[in-house]
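The following report describes a single protein chain for a reader with a computational background.

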Amino acid sequence: MSADSFLTQLVAGAATLSGWELAAVLLGVAYLLLAVRESLWCWYAAFASTAIFLWLFWQVGLLMESALQVYYLGMALYGWQQWRGGGSGNAAAQQRLPISVWPPQRHILAIASVLLASVASGALLDRYTGAVLPYIDSFTTWGSILTTWMVARKLLENWLYWLVIDSVSIYLYLERGLFLTAALFAVYLVIVVFGYRRWHRHYRLQCASA
């Protein structure tokens, strides 16, 4: 293969990858903005964005991130069901899922579990696979698994967890050349702040009405 032919294929491949990455990024932004508004449509955007990212992360060797997308697909379905009232046909059961909070002890247990799982899976990936940045990849994966479930259950503190996870993810994606994805997560950091403030305001109103 000539140098010109190789360069042409490389540019074409990068353009295709960037096109899909842009689509996933736009759908990811739509998901978070809709989640801030507590809209059921956020889970449709999440499912589509996740399907694209599953392929993208596999292409750049982020094995844990790829596996995480499979979990996200399932959580998009679970979150959709929970937010619409658990799938019950009872009208009262289909009222909007209330926002809730965790006691400090549960947060300590959750954070410790994420860190331990990250060290364990990072060590395994480092020894037995060719995974890139295995410990950081593991941390963002396990943290995202927990926090996505918190979103599905409408736990207020999910936004604070995302602040940490998204910040670490930016470094991970920059390292792997996924610049649009890194930019997406930078936008996420801004949206997360507004999301927390909006949910916190709703939670206070919810408590007052109760």
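## The loop at glycine 61

Glycine 61 is partly exposed, with a relative accessible area of 21%. The model discussed here is predicted. Glycine 61 belongs to the loop between α2 and α3, and just after α2 it adopts a positive phi of about 80 degrees. In space, the C-alpha atom of glycine 61 is 6.2 Å from that of alanine 131, although 70 residues separate the two in sequence.

## Overall architecture

The chain contains seven helices and zero strands. Along the sequence, the order of elements is α-α-α-α-α-α-α. Of the 210 residues in the chain, 40% are buried.

## Helices α2 and α3

Which angle and axis separation describe the packing of α2 and α3? Helix α2 (residues 42-59) packs against helix α3 (residues 63-83) at about 170 degrees, and the two axes are 8 Å apart. Because angles over 145 degrees count as roughly antiparallel, α2 is roughly antiparallel to α3. The residues of this contact comprise 19 nonpolar, four polar and one charged.

For α3, 21 residues should span 30 Å, which agrees with the 30 Å between its end C-alpha atoms. Buried positions in α2 are Cys42, Trp43, Ala45, Ala46, Ser49, Thr50, Ile52, Phe53, Leu56 and Phe57. In α3, the buried residues are Met64, Glu65, Ser66, Leu68, Gln69, Tyr72, Leu73, Met75, Ala76, Gly79, Gln82 and Trp83. Just after α3, glycine 85 has a positive phi of about 105 degrees.

## Helix α7

Helix α7 (179-209) passes the same kind of length check: its 31 residues should span 45 Å at 1.5 Å a residue, in agreement with the 45 Å between its end C-alpha atoms. The buried residues of α7 are Thr181, Ala182, Leu184, Phe185, Tyr188, Ile191, Val192, Gly195 and Trp199.

## The nonpolar core

In soluble globular proteins, nonpolar side chains tend to be buried together. The largest nonpolar core in this model has 40 residues, of which Tyr31, Leu32, Trp43, Phe53, Trp83 and Tyr173 touch the most other members. At least two residues of this core come from each of α1, α2, α3, α5, α6 and α7.

Which helix supplies the largest share of this core? Helix α2 does, with eight residues.

## The salt bridge

How many salt bridges does the structure hold? There is one. It joins the side chains of lysine 154 and glutamate 38, with an N to O distance of 2.8 Å. The two partners lie in distant parts of the chain, 116 residues apart: lysine 154 is in the loop between α5 (134-152) and α6 (158-175), and glutamate 38 is in the loop between α1 (3-36) and α2.

Are these two residues buried or exposed? Lysine 154 has a relative accessible area of 1% and is buried. Glutamate 38, at 8% relative accessibility, also counts as buried, because the cut-off for a buried residue is under 20%.

## Backbone geometry in the loops

Leucine 133 lies in the loop between α4 (104-128) and α5. With a relative accessible area of 25%, leucine 133 is partly exposed.

Alanine 23 is a residue of helix α1. Its relative accessible area is 28%, so alanine 23 is partly exposed. The C-alpha atom of alanine 23 is 8.0 Å from that of isoleucine 52, a residue 29 positions away along the chain. Isoleucine 52 is among the buried residues of α2.

Note on methods
Residues numbered from 1 in each chain as written. Heavy atoms only, no water. Axes fitted to C-alpha atoms, helices over the stretch in contact; angles between N-to-C directions. Helix = DSSP H or I, 4+ residues; strand = E, 2+ residues; numbered from the N terminus. Parallel < 35°, antiparallel > 145°, perpendicular 65-115°, else oblique. Nonpolar A, V, L, I, M, F, W, Y, C, P; charged D, E, K, R; others polar. Expected span 1.5 Å × (residues − 1). Buried < 20%, exposed > 50% of the residue type's maximum accessible area, 1.4 Å probe, protein only. Salt bridge = Lys/Arg side-chain N within 4 Å of Asp/Glu carboxyl O. Core = buried A, V, L, I, M, F, W, Y, C linked by side-chain atoms within 4.5 Å.
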